[in-house]
Amino acid sequence: MDIRKLVKPNIRSLRAYHAEEIPCKVKLDANESPYSAISNQRSAISLEKNLQTLNRYPDPQAKALKNLIAKDLRIKSGNILHGNGSDELIYYMITTFGGPVMYPVPTFSMYGIISQALGEKKIEIPLDNKFDLDVEKILKGIEKYKPKLIFLSSPNNPTGNCFSSDKILRIIKATSFSKQRRGERPFAPTLSLVVVDEAYQPFTGKSEFLPLLGKYRNLVIMRTLSKIGLAGLRLGFLIANEEIINEVNKVRLPFNVNSLSQAVAIEALINKKQLRTYITSIISERKRLFREMEKIDGITPYPSDANFILFRAANAVRVYKCLLEKGVLIRDMTGVIENCLRVTVGTPGENTVFLKALKQLI
Ligand SMILES: *Cc1c(COP(=O)(O)O)cnc(C)c1O
């Protein structure tokens, strides 16, 4: 008996997400922060208190956490939906709205994986040679395929750059709809939700799209705590119009974010100064890494607005393997972008180890 015959065809052809654990001294492969954003005594006390009530279900609405974020971003908590990482929110968005799902490539792999898991059509549009959006192709694709969802990771993973905001705006406008009055036809011929995935926004300092939420009802913003030192908590947020939040909330599992994550996130977010310090250090280290990498013959780093740097190297696979032999783990991107590797910005010490190993190699 072949169990696989029972599996839905779209799942049968899917491969499980491969997150191999490779032992190493310096781990710069997963765009994590080198600093745990939680280290103060208050979080220990809060955690202790929550351990004593682990017999109870968590707050299904994550009210305290959402209120804190709402205040911070100056929005209403009704505009926020909490997820077990933004991965879960991508799942919920595609479950709620379905496909076709459009996104540029190369980009974050989960848009494609989850679309396929849910049996939805994927429309992949290659980026231009500057890793920016090919807006003409995207607009043509929108007309042809009428996607329900468009995912734009900006800054983009794995290329590191922000997409031009005027291009993103053109896409939002082309797919937006004004509030429909009775008897009136929808304003635009194609309605799509545009999800701007701002996982790396803290490293850019810009937040251009948040203020546009009131203006464009098809705009959805996604944020996460994963890249700022709390990847282990699994916490992501959708920020959008209340109508969108309410629809997606229907498919959310009631207790998707556990009570310990909620409590620890609150403590971490209250300690804003600490978070800021870590982010500032990562940004300045990114600049140093970039300058130093530029000086190495045969290495071409691409400018980055995120907490990692994509770089081109002759013999990239060999560079990857040799670095690993020296205890430095980075990400091999050669299957995605020819001759490219991706390194996460670590602590100053880790970055120096990486640079030294790289220089020796070349
Ligand atoms: C890392 C990353 C995320 C984060 O996902 P979580 O599930 O919140 O850890 C989301 N989007 C992009 C583009 C990423 O690179």
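Student: With which side chain does the side chain of Thr-175 make a polar contact?

Tutor: Keep in mind that this is a predicted model. A polar contact pairs N or O atoms within 3.5 Å. Here the partner of the Thr-175 side chain is the side chain of Asn-218, at 2.9 Å.

Student: Where does Thr-175 lie, and is Thr-175 buried or exposed?

Tutor: Thr-175 sits in the loop that runs between helix 7 (165–174) and strand 6 (193–197). Burial is read from relative accessible area, with under 20% counting as buried. Thr-175 has a value of 0%, so it is buried.

Student: Which residues is Thr-175 in contact with, leaving aside neighbours within four places in sequence?

Tutor: Besides Asn-218, the list holds Ile-142, Ile-150, Thr-190, Leu-191, Ser-192 and Val-194.

Student: On to helix pairs. At what angle do helix 2 and helix 9 pack?

Tutor: An angle over 145 degrees counts as roughly antiparallel. Helix 2 (residues 41–51) and helix 9 (residues 259–270) pack at about 160°, their axes 9 Å apart. The two helices are therefore roughly antiparallel to each other, and their crossing is right-handed.

Student: Which residues meet there?

Tutor: Helix 2 contributes Arg-42, Ser-43, Ser-46, Leu-47, Asn-50 and Leu-51, and helix 9 contributes Ser-259, Leu-260, Ala-263, Val-264, Glu-267 and Ile-270. Sorted by class, this contact has six nonpolar, four polar and two charged residues.

Student: At what angle do the axes of helix 4 and helix 5 cross?

Tutor: The axes of helix 4 (residues 85–97) and helix 5 (residues 110–117) cross at roughly 45° and come within 10 Å. That angle makes helix 4 oblique to helix 5. The crossing of this pair is right-handed.

Student: What residues make up the contact of helix 4 with helix 5?

Tutor: On helix 4 they are Asp-87, Ile-90, Tyr-91 and Ile-94, which meet Met-110, Tyr-111, Ile-114 and Ser-115 on helix 5. By class there are six nonpolar, one polar and one charged residues.

Key: Residues numbered from 1 in each chain as written. Predicted model: local features only at pLDDT ≥ 70, side-chain atom pairs only at ≥ 80, totals over all residues. Heavy atoms only, no water. Axes fitted to C-alpha atoms, helices over the stretch in contact; angles between N-to-C directions. Helix = DSSP H or I, 4+ residues; strand = E, 2+ residues; numbered from the N terminus. Parallel < 35°, antiparallel > 145°, perpendicular 65-115°, else oblique. Left-handed = near helix turned anticlockwise from the far one by under 90°. Contact = heavy atoms within 4.5 Å. Nonpolar A, V, L, I, M, F, W, Y, C, P; charged D, E, K, R; others polar. Buried < 20%, exposed > 50% of the residue type's maximum accessible area, 1.4 Å probe, protein only. Polar contact = N/O pair within 3.5 Å; in protein donor to acceptor, adjacent residues only side chain to side chain.
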